[in-house]
Amino acid sequence: MNRKQFLSMGATLATGALMPGAASIVQSAGTFYKDASFKGKTAFITGAARGIGLATALELARLGANIALVDIADRSGAGMAIDGYRLSGQEDLDAALRQVQALGVKAMAIRADVRDLSAMKVGARQAALELGGIDIVVANAGIVAWSTIEGSGEKQWKDVIDVNINGVVNTVWATIGELKKSKAGRIITLSSIGGRMGVVGNGAYSTTKWAVIGLTKSLALELGKYGITVNAVAPTAVNTPMYRSEGQVRSTGMSSASDQDKAMLGYHALGVPAVEPEDIAAAIAYLASEGARYVSGLVLDVAAGGNAHYSA
């Protein structure tokens, strides 16, 4: 195509008409994830019993993916030093499984602690056998410790590190063999706006989310030769049980959730107090789609414009 033909095609497209062959050119520029199909693919999602993990499972299932819902499903936290909120329970995981199955795809619930590599490997093998391989991995599971760095106890600090960093690595180690077999392997990790800046009152969490970004970029470089893309999503405040917990309100020095919302309204350029889990799921679905086949090593902020405060 010469320059004159290219300019002519642009003018034609601008009028809403398509010249012969133009439709294929436009389509090849990328497919919006809402039009994507994940039929025949399997997604392995950690922290899937509620919140962002569940929203992601439902969105990918709606688009045809089979789903392995992985969760600790233990309100006690399996001995972790968690204060200010509760983890999901078995009833949450059971309910999540029913919601996904209602969308007509194959799904299974896997009760596993991301800190336990052996358990994660067993879960990945089960998912691959029962659901036909693993094509998409969403490393979403995470915890917080509502404390300053100075005030954090050693166990509390190590628990957050173990889940939020080692848990992501274990998830990758457990699934990497299956991803290499896939024709279009995808890994999506969950960072945070706290992985882009310092955070007062939640230093352990912020530290881990910075680490997730480094891990994501390193994996993108290492796994690209296998056709595997690796990206991170960095959400702002999201309407989840974790964010809407007593510990979160306390850590920000606010007296109520409404005070917290007022503060975030001023931070977010788009004027919302928090985004919804479905907003994060949409970003994850895009990164898992064919339209993002050449997107790797990216940190995608879903921050209602709050990310405009970053220096770079």
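**Exercise 1. Which residues of helix 3 are buried?**

This is a predicted model, in which local features need a pLDDT of at least 70, side-chain atom pairs count only at pLDDT 80 or more, and totals for chains, interfaces and linings use all residues. Residues are numbered from 1 along each chain as its sequence is written, and side-chain values use heavy atoms, with hydrogens and water left out.

Step 1. Helices (H or I, at least four residues) and strands (E, at least two) are taken as DSSP runs and numbered from the N terminus, and helix 3 covers residues 51-62.

Step 2. A residue is buried under 20% relative accessible area, exposed over 50% and partly exposed in between, with a 1.4 Å probe and protein chains only. By this criterion the buried residues are G51, I52, G53, L54, A55, T56, A57, E59, L60 and A61, so that 10 of the 12 residues are buried and helix 3 is mostly covered.

Step 3. After helix 3 comes G64, with a positive phi near 105°.

**Exercise 2. Describe the largest nonpolar core and the place of L60 in it.**

Step 1. A nonpolar core is a set of buried Ala, Val, Leu, Ile, Met, Phe, Trp, Tyr and Cys residues joined through side-chain atoms within 4.5 Å. The largest one has 39 residues, and L60, I67, L69, V233 and I280 are those with the most contacts inside it.

Step 2. Among the elements that each supply at least two residues of this core are strand 1 (42-46), helix 3 and helix 10 (277-288), and the largest share, 6 residues, comes from helix 10.

Step 3. With contact meaning heavy atoms within 4.5 Å, L60 touches F38, A43, I45, A65, I67, I136 and A285, not counting residues up to four places away in sequence. Apart from this core lies another, of 36 residues, including W146 and A220.

**Exercise 3. Trace the strand pairings that involve strand 4 and strand 5.**

Step 1. Two strands pair if DSSP finds at least two bridges between them. Strand 1 and strand 4 run parallel and are joined by 3 bridges, with F44 opposite V137.

Step 2. Strand 4 and strand 5 are also parallel, over 4 bridges; V138 has I188 as its bridge partner, and A139 has T189. The chain passes from strand 4 through helix 6 (residues 154-181) to strand 5 in a right-handed β-α-β crossover, a handedness assigned when, with the strands pointing away from the viewer, the path from the first strand over the helix to the second runs clockwise.

Step 3. Strand 5 is joined to the parallel strand 6 by 5 bridges, and strand 5, helix 7 and strand 6 make a right-handed β-α-β unit.

Step 4. In a regular strand the side chains alternate between the two faces of the sheet. In strand 5, R186, I188 and L190 on one side and I187 and T189 on the other are all buried.

**Exercise 4. Where is the pLDDT below 50?**

Step 1. The pLDDT is the predictor's confidence in each residue, from 0 to 100; the chain averages 86, and 84% of the residues score at least 70.

Step 2. The values fall below 50 over residues 1-31, a stretch with 17 contacts in the model beyond near neighbours in sequence. Where pLDDT is low, the predicted coordinates should not be read in detail.
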